[in-house]
Amino acid sequence: MNLRMGSQLFIDVQIPLLWGTRAIVQDPEERLSIINLGGDRALLEVLEDEPAQGIPFAPSVEGFVIMDAQGTELYKVSPVAKSITPLSLKLLPVTISRDAIRVGTNTFQSNMVSGFGVGISVTENGIGLGGSVPPGLAALRV
Amino acid sequence: MRDLVIWAISLRVAKLHGGAVLLSRDKIHTGELGRVEAEAAKLSVVPSVDDALRLFKIETPDAKLFIELLTPLWKELPAQGLAVPAEVSVVDVRNARFVRGPSGALFALATIHVRLESGAEKAVVVQLRTPPEGPSEVHVFEAGEIASVEASALTSAAAPPAPDRAYEERLERLRKVLGE
């Protein structure tokens with residue numbers, strides 16, 4: 001896919017921003033969608049700044065919290081700040097503003113990523129720019 | 001270092017004003033080591049804005065939504081063995097969770113404290129189903145039953161009705177972004 005997101009230009013990438021096992025996508029109107037690729041099939045968790053259908057959630061002051069089927073709080077989404085904050089997930093928080101993508105204290109600004117499986121990847125161990133899709137992930141289709 | 005400065009200032013403010021709230025998830029601020037010191041200074045450490053609102057007994061967004069869904073079904077609670085007065089008397093809402101349907105929440109579950117007709121308070125688990133078509137349902141469980149309720153309810157809600165047109169349009173927009 002080709003996508004401009006947070007001032008980065010992703011050309012011919014499969015997943016522009018991979019946060020753990022979740023693909024984070026921001027559309028041209030700056031709405032966030034989050035798709036979990038950790039299962040057999042892609043599971044849409046957030047669609048255009050709102051919890052997707054069938055996904056447990058709780059509204060919060062800043063937006064909403066996405067939970068798993070057992071009610072464990074996974075992460076918090078702030079549609080105004082365009083930020084995703086981990087709660088039980090061991091990942092750095094991500095904020096996608098017009099001029100940058102911030103991962104923890106790291107800032108990605110005006111990069112072009114072309115021809116990679118993953119544009120920016122955030123794992124429990126670190127951050128990467130341009131890489132292959134980790135094995136075992138479901139295809140990014142909703 | 002910055003964590004310790006925040007901690008020291010928080011303690012100072014709490015001592016000065018007879019209490020304070022620190023919003024933090026930092027290990028330094030939430031660990032056992034500082035607990036006694038915080039209690040002595042009447043410094044409350046909470047992990048989120050929502051928890052701070054609960055501390056001040058201000059209605060949180062999740063509590064507000066749950067009460068909105070429960071209100072039309074309130075009169076059915078006595079038939080479920082919960083002797084509540086006619087007017088909605090929810091004192092507290094905890095652990096609320098929702099599963100979205102085509103037009104808002106389809107399923108909701110929370111532990112709530114209600115004031116009974118006798119004046120006593122009781123904690124119960126309340127499960128709500130608000131299907132887009134057909135009557136809404138309310139079920140009351142004893143607080144200890146929460147584990148079994150959660151498992152069964154969330155499994156059945158995982159198969160919501162077919163999405164509506166607006167949702168399909170949003171899905172279609174996302175598919176275009178993904179290049180499908």
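**A strand and its surroundings**

Guide: Three bridges connect S1(A) with strand S2 of chain A, residues 8–11, and the two strands run antiparallel. One pair of facing residues can be named here: Arg4(A) has Leu9(A) of S2(A) opposite it. The model in view is a predicted one.

The pair belongs to something wider. S1, S2 and S15 of chain A, in that order, form an open sheet of three strands, and the pairing in this sheet is mixed. At its edges are strand S1, covering 3–5, and strand S15, covering 112–114, both of chain A; each of these pairs on one side only. From one strand to the next, the twist averages 15°.

Contacts link 26 residues of chain A with 29 residues of chain B. On the side of chain A that touches chain B, the largest share comes from strand S8 of chain A, residues 56–59, which gives four residues. Sorted by class, that side of chain A holds 16 nonpolar, six polar and four charged residues.

Strand S8 takes part in pairing as well. Across the two chains, S8(A) pairs with strand S3 of chain B, residues 90–101, in the antiparallel sense and over two bridges. Here too a facing pair can be named: Pro56(A) stands opposite Val99(B), a residue of S3(B).

How values were computed
Residues numbered from 1 in each chain as written. Chains lettered and ligands numbered in written order. Predicted model: local features only at pLDDT ≥ 70, side-chain atom pairs only at ≥ 80, totals over all residues. Pairing = 2+ DSSP bridges. Axes fitted to C-alpha atoms, helices over the stretch in contact; angles between N-to-C directions. Contact = placed C-beta atoms within 7 Å. Nonpolar A, V, L, I, M, F, W, Y, C, P; charged D, E, K, R; others polar.
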